[in-house]
There are 4 protein chains.
Amino acid sequence: MIMETLDRPIRHAKIAKNMTVSELVRSLEGTAFGAGRLCEAVDIYREMVSDRECTKFFGLAGAMVPAGMRQIVSDMIRDEDIDILVSTGANLVHDIIESIGLHHYKGTDTVDDVELKHCSINRIYDVFLPEQHFAGLEEKLQPIFRELPDKLSISEFLSHIGSKLDDDNSILKSAYDMGIPVYCPAIQDSIIGLQAWLYRQTNPLNVDVFADMKGLIDRCYEAKRSGVFIVGGGVPKNFILQSMLVTPKSFDYAIQLTMDRPETGGLSGATLDEARSWGKVGENARSVTVYSDATITLPIIVAAAKGMR
Amino acid sequence: MIMETLDRPIRHAKIAKNMTVSELVRSLEGTAFGAGRLCEAVDIYREMVSDRECTKFFGLAGAMVPAGMRQIVSDMIRDEDIDILVSTGANLVHDIIESIGLHHYKGTDTVDDVELKHCSINRIYDVFLPEQHFAGLEEKLQPIFRELPDKLSISEFLSHIGSKLDDDNSILKSAYDMGIPVYCPAIQDSIIGLQAWLYRQTNPLNVDVFADMKGLIDRCYEAKRSGVFIVGGGVPKNFILQSMLVTPKSFDYAIQLTMDRPETGGLSGATLDEARSWGKVGENARSVTVYSDATITLPIIVAAAKGMR
Amino acid sequence: MIMETLDRPIRHAKIAKNMTVSELVRSLEGTAFGAGRLCEAVDIYREMVSDRECTKFFGLAGAMVPAGMRQIVSDMIRDEDIDILVSTGANLVHDIIESIGLHHYKGTDTVDDVELKHCSINRIYDVFLPEQHFAGLEEKLQPIFRELPDKLSISEFLSHIGSKLDDDNSILKSAYDMGIPVYCPAIQDSIIGLQAWLYRQTNPLNVDVFADMKGLIDRCYEAKRSGVFIVGGGVPKNFILQSMLVTPKSFDYAIQLTMDRPETGGLSGATLDEARSWGKVGENARSVTVYSDATITLPIIVAAAKGMR
Amino acid sequence: MIMETLDRPIRHAKIAKNMTVSELVRSLEGTAFGAGRLCEAVDIYREMVSDRECTKFFGLAGAMVPAGMRQIVSDMIRDEDIDILVSTGANLVHDIIESIGLHHYKGTDTVDDVELKHCSINRIYDVFLPEQHFAGLEEKLQPIFRELPDKLSISEFLSHIGSKLDDDNSILKSAYDMGIPVYCPAIQDSIIGLQAWLYRQTNPLNVDVFADMKGLIDRCYEAKRSGVFIVGGGVPKNFILQSMLVTPKSFDYAIQLTMDRPETGGLSGATLDEARSWGKVGENARSVTVYSDATITLPIIVAAAKGMR
């Protein structure tokens with residue numbers, strides 16, 4: 001039986017001058033290891049986004065916005081390639097910062113962090129962020145908080161913020177414009193959380209932890225088919241996958257881009273096969289994990305798929 | 001100046017028969033790489049737990065409870081080596097499951113996950129968990145939910161649950177008994193979240209996202225000195241570290257046990273030096289990251305420190 | 001001083017339909033983390049290959065030939081983008097196997113290896129190789145061995161083999177055709193070594209361990225400028241870098257593509273900065289390590305550079 | 001069938017004051033992930049070293065000697081827990097340096113490498129080595145080279161060097177004293193190689209690449225049972241494993257300590273199961289890979305096993 005599987009000889013990639021990203025990916029289709037998995041991811045992604053009856057979840061973890069991946073995500077939202085976004089709080093904080101015209105800067109990871117501290121520069125690996133930007137964030141958020149209803153869900157909270165951003169490249173604004181819910185279970189675990197703490201010292205604000213569960217799970221129940229694109233892992237990965245647990249359904253397509261590893265047992269590095277044992281990913285679902293830096297693989301996958309539609 | 005630093009020759013470890021963990025760590029004190037960092041972690045940990053004026057934070061991420069690290073954490077709480085616990089939701093779910101007498105089982109990571117699914121066994125790397133256990137969890141949690149006030153914070157919510165567990169080895173019960181707050185920003189991102197969703201279909205329950213911020217930040221303000229022991233990374237790491245941002249203080253001691261790497265820019269793998277640029281970890285704080293499996297390094301550090309007090 | 005460095009705002013990548021690989025890389029030029037490093041690698045690579053006075057070393061480790069990267073390397077040789085190749089033995093074994101018309105096959109990493117053994121299929125992660133192919137290799141190599149002089153260096157030994165291969169896509173054949181030396185310090189650590197053991201049971205063969213040192217080091221002495229492109233790490237990385245140690249020179253350009261990490265202290269994962277302390281990489285040399293799967297990054301770098309010349 | 005395997009409940013580790021390393025490992029026996037694998041490694045190691053008919057191979061890669069693991073390895077040799085040693089060249093270079101009374105020093109990985117260069121200090125992660133030590137190495141090696149026969153194998157070459165070292169803690173000296181062969185396929189890929197290059201400028205020296213194959217493979221043929229303990233991966237791992245390929249046998253016990261990962265396809269990170277498909281590791285062999293820093297796990301395994309004999 002295994003012998004019969006020897007029907008796909010490795011075809012060696014060939015580089016041509018001025019080849020498009022799609023052509024490069026096609027040239028990698030006969031290869032193995034990470035390159036083979038990348039091609040599989042492109043293939044699954046293409047099938048997923050061209051499937052009009054597929055509800056498309058996107059999990060955004062890791063410092064993707066500081067790294068320069070913001071536009072890719074907001075374009076995916078506007079292109080209707082994301083139906084439901086689950087993000088870490090940090091990515092949304094940095095999205096808001098950019099939306100008010102403040103920048104992140106290219107720095108270096110080999111630097112004296114105490115010296116940076118003295119210069120009031122915060123470091124995210126090789127990205128520098130002036131601490132002053134958080135004053136700008138405060139100036140933006142506090143007035144928005146004042147207009148909020150006293151009681152709401154996290155996604156409503158984020159939708160309100162998105163509606164107030166004047167930047168079409170913003171993830172939150174794009175989600176608002178497109179009517180896409182943004183879930184962020186650990187929203188308090190971010191500078192938004194600290195801003196809310198500040199606000200609540202003198203004002204009421206009640207954002208309900210569990211209020212988003214119903215909407216999310218309802219979408220899972222209703223989905224004819226469903227796919228998930230996971231960048232990084234973390235809370236977004238688990239929150240998306242677990243939402244299927246209470247339904248009779250499971251994900252039909254699953255892609256993860258991560259450098260995390262399975263052997264330490266954490267959910268971020270867990271294989272998508274492991275998710276099949278739970279019924280989160282379907283028995284016959286197509287799934288692949290590309291173990292490579294997501295700031296490299298996300299752009300390639302999106303570019304390759306765009307060229308192949 | 002650097003030349004002058006050549007004053008600590010590498011001393012090669014020597015293994016003796018029947019040596020204690022403390023003796024092994026002492027024997028590794030002249031070594032480098034991971035072994036050297038492990039010794040540094042033991043040293044910082046000893047200083048931290050023996051410092052009576054130090055508020056000790058503990059961040060628990062990764063599937064440490066399924067792996068068998070539950071007793072170590074609950075003993076640390078009862079030994080007063082943890083003042084404030086921040087955990088992922090999953091670790092608390094698995095703690096509750098064990099507290100009602102249900103077990104996790106040693107399995108294998110090389111297994112057909114679809115076959116597992118057919119047997120209703122959920123896999124966490126090489127740990128197997130019968131799906132049926134979640135029925136037991138439901139039976140335990142739903143009555144507890146009924147006794148909750150309509151409105152509360154996540155730590156109050158978890159404290160209520162802890163008070164109802166009849167198992168002194170439980171992390172939640174130990175925290176309740178010792179008056180230790182348990183924070184869990186992404187509590188909805190766990191089976192507890194799914195249970196809350198179920199409960200809320202017919203009952204009111206309002207857990208406030210931001211309600212815990214004040215108590216946590218107040219503790220940071222009040223702390224004469226503070227230390228943080230981070231297992232894994234994730235939300236617990238960031239939530240603890242960011243709580244210092246709005247105070248004039250910073251952590252004096254910091255230990256992280258992780259396999260995550262800095263180069264992808266995510267917070268889990270970020271160096272503790274990076275946290276200095278933010279002012280989360282102090283300029284002169286002692287800190288170390290041990291890049292090794294935490295199920296190995298956590299027991300060693302705790303055992304070594306215990307033998308050296 | 002650091003404040004002044006805040007002059008390079010992160011520019012967010014934007015994906016366009018049908019963009020070329022070069023355009024994608026240009027779009028990533030304002031980004032950080034792995035994507036930023038990838039662009040730096042493309043830039044260094046372009047500078048290196050367009051520098052006519054630069055001697056270009058290439059280190060090939062990891063199972064790049066089984067994975068489908070053979071053509072890329074042989075094309076680089078024929079395009080004169082490699083002047084000196086240092087390889088693991090395994091990559092050369094698999095190159096010879098392909099050159100006699102035998103294939104590697106796309107398989108899977110989730111498979112019962114004992115069952116594979118029963119089918120006489122050898123596995124290299126998700127690549128399958130019929131054991132029978134090694135009989136073909138033997139048939140090819142033994143007659144070549146018979147024509148060898150009694151005493152020679154490893155690079156002469158490999159050059160002889162290369163001259164006998166009838167496949168222009170072969171790495172060894174391309175190197176032979178282009179007059180490029182192929183060094184392979186641990187040649188005995190491969191099936192070629194086992195074939196030599198077999199041959200020597202009845203025939204004399206004396207390949208001299210140290211005979212290649214002179215030629216390699218002479219090239220280092222003579223090089224006006226030098227660059228090194230390291231795929232993977234291992235012996236090729238160290239052998240290339242150490243060859244500079246006995247000269248007054250050092251590498252002017254250095255690129256490494258690897259997933260290995262620095263923290264465990266091994267040479268494969270060591271930063272290229274570490275190599276500066278030894279004088280292997282120059283004080284002012286341009287260098288970058290891209291921590292990502294090389295089967296993905298190598299094709300991108302080569303394709304992007306090709307489009308930009 | 002899988003259901004029946006739910007017979008090993010996870011038993012949570014418990015830390016006691018002054019526990020021995022053996023007691024700690026026993027306490028971890030009911031745990032999972034890295035801790036569970038560590039216990040499995042201790043168990044296999046104990047079985048292997050207590051099996052008098054088992055030929056014990058040890059593969060030494062990574063900068064274990066600079067890190068302070070030299071004494072552990074030399075003690076293992078003198079305790080007859082290693083029958084055949086395969087090492088990288090670098091570990092032997094650093095062993096010789098220590099044997100002539102020169103030290104490695106504890107430094108730091110966060111340092112300006114150009115400044116180190118100016119101080120003539122070479123860095124190996126957080127270990128510093130004065131460049132001057134290589135002059136001491138030269139002074140030691142050149143006279144030894146003069147006494148060598150004109151033609152010899154690498155293991156004979158290393159045995160000669162070992163015989164001239166006046167340090168019972170030396171790995172090479174211990175191997176010489178105990179009559180243990182030391183194989184080092186890529187010996188030229190080390191400062192020993194550079195010293196040989198220097199010597200050969202004025203003297204004949206012919207070390208035969210393939211001469212060691214016969215002795216090594218004969219030992220494999222003769223072995224009643226065989227075990228392999230792999231630290232790191234690299235050439236030592238492959239050279240040991242491939243030596244079984246041409247025999248009808250395979251390894252009965254196999255342990256690997258590494259941080260390398262399988263997904264990139266390189267041999268260093270390949271699972272030991274993969275080696276079963278090749279017939280290198282036996283179908284029914286006991287094997288385990290502990291994914292954790294070897295400077296931590298090697299001492300624990302050796303100490304735990306010593307306490308349990």
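# Chain contacts, sheet and helix packing in a predicted model

Chain D and chain A meet through eight residues from chain D and eight residues from chain A, where contact means C-beta atoms, placed from the backbone, within 7 Å. On the chain D side, three residues are nonpolar, three polar and two charged. The nonpolar class is Ala, Val, Leu, Ile, Met, Phe, Trp, Tyr, Cys and Pro, the charged class is Asp, Glu, Lys and Arg, and the others, Gly among them, are polar. This is a predicted model: local features need pLDDT of at least 70, side-chain atom pairs count only at pLDDT 80 or more, and totals for chains, interfaces and linings use all residues. Residues are numbered from 1 along each chain as its sequence is written, while chains are lettered from A and ligands numbered from 1 in the order in which they are written.

**Chain C against chain A**

- This contact takes 62 residues from chain C and 62 residues from chain A.
- Elements giving two or more residues to the chain C side include α1 (21-27), α2 (33-49), α6 (113-118) and α14 (294-308) of chain C. Helices (H or I, at least four residues) and strands (E, at least two) are DSSP runs, numbered from the N terminus.
- The largest share of that side, eight residues, comes from α14(C).
- By class, the chain C side divides into 32 nonpolar, 18 polar and twelve charged residues.

- The same surface serves both copies, as 100% of the contact residues of chain C recur in chain A.

- Six strands form an open, parallel sheet in chain A, in the order β7-β2-β1-β9-β10-β11. Strands pair if DSSP finds at least two bridges between them.
- Its edge strands are β7 (182-183) and β11 (281-291) of chain A, each pairing on one side only.
- Strand β10 (residues 251-258) of chain A runs parallel to β11(A), joined to it by seven bridges.
- One bridge pairs A:Phe251 with A:Val281 in β11(A).
- Helix α12 (residues 234-242) of chain A packs on the sheet and touches β1 (54-60), β2 (84-87), β7 and β9 (225-231) of chain A. The direction of α12 makes about 155 degrees with that of β1(A).
- In chain B, seven bridges join β10(B) to β11(B), and the two run parallel. B:Tyr253 has B:Arg286 as its bridge partner in β11(B).
- Eight of the eleven residues of β11(B) (residues 281-291) are buried, so this strand is largely enclosed by the rest of the structure. Buried means 20 or more other C-beta atoms within 10 Å of a residue's own, exposed means 12 or fewer, and partly exposed lies in between; C-beta atoms are placed from the backbone.

**Helix α4 of chain A**

- Helix α4 (residues 70-78) and helix α9 (residues 171-178) of chain A pack at an angle of about 0 degrees, with axes 9 Å apart. Axes are lines fitted to C-alpha atoms, for helices over the stretch in contact, and angles run from 0 to 180 degrees between N-to-C directions.
- That makes α4(A) roughly parallel to α9(A); angles under 35 degrees count as roughly parallel, over 145 as roughly antiparallel, 65 to 115 as roughly perpendicular and the rest as oblique.
- Residues making the contact include A:Val73 and A:Ile77 of α4(A), and A:Ile171 and A:Met178 of α9(A).
- Eight of the nine residues of α4(A) are buried, so the helix is largely enclosed by the rest of the structure.
- The buried residues of α4(A) pack against β1, α3 (64-67), α5 (89-99), α9 and α14 (294-308) of chain A.
- After α4(A) comes A:Glu80, with a positive phi near 65 degrees.

- Helix α11 (residues 211-222) of chain A and helix α10 (residues 191-200) of chain B pack at about 90 degrees, with axes 9 Å apart. They are therefore roughly perpendicular to each other.
- A:Met213, A:Lys214 and A:Ile217 of α11(A) meet B:Gly193, B:Ala196 and B:Trp197 of α10(B).

**B:Thr264**

- B:Thr264 lies in the loop between β10 (251-258) and α13 (272-278) of chain B.
- B:Thr264 is buried, with 25 other C-beta atoms within 10 Å.
- Not counting residues up to four places away in sequence, B:Thr264 touches A:Gly62, A:Met259, A:Asp293, B:Gly269, C:Phe33 and C:Gly34.

Note on methods. Two residues are in contact if their C-beta atoms, placed from the backbone, lie within 7 Å.
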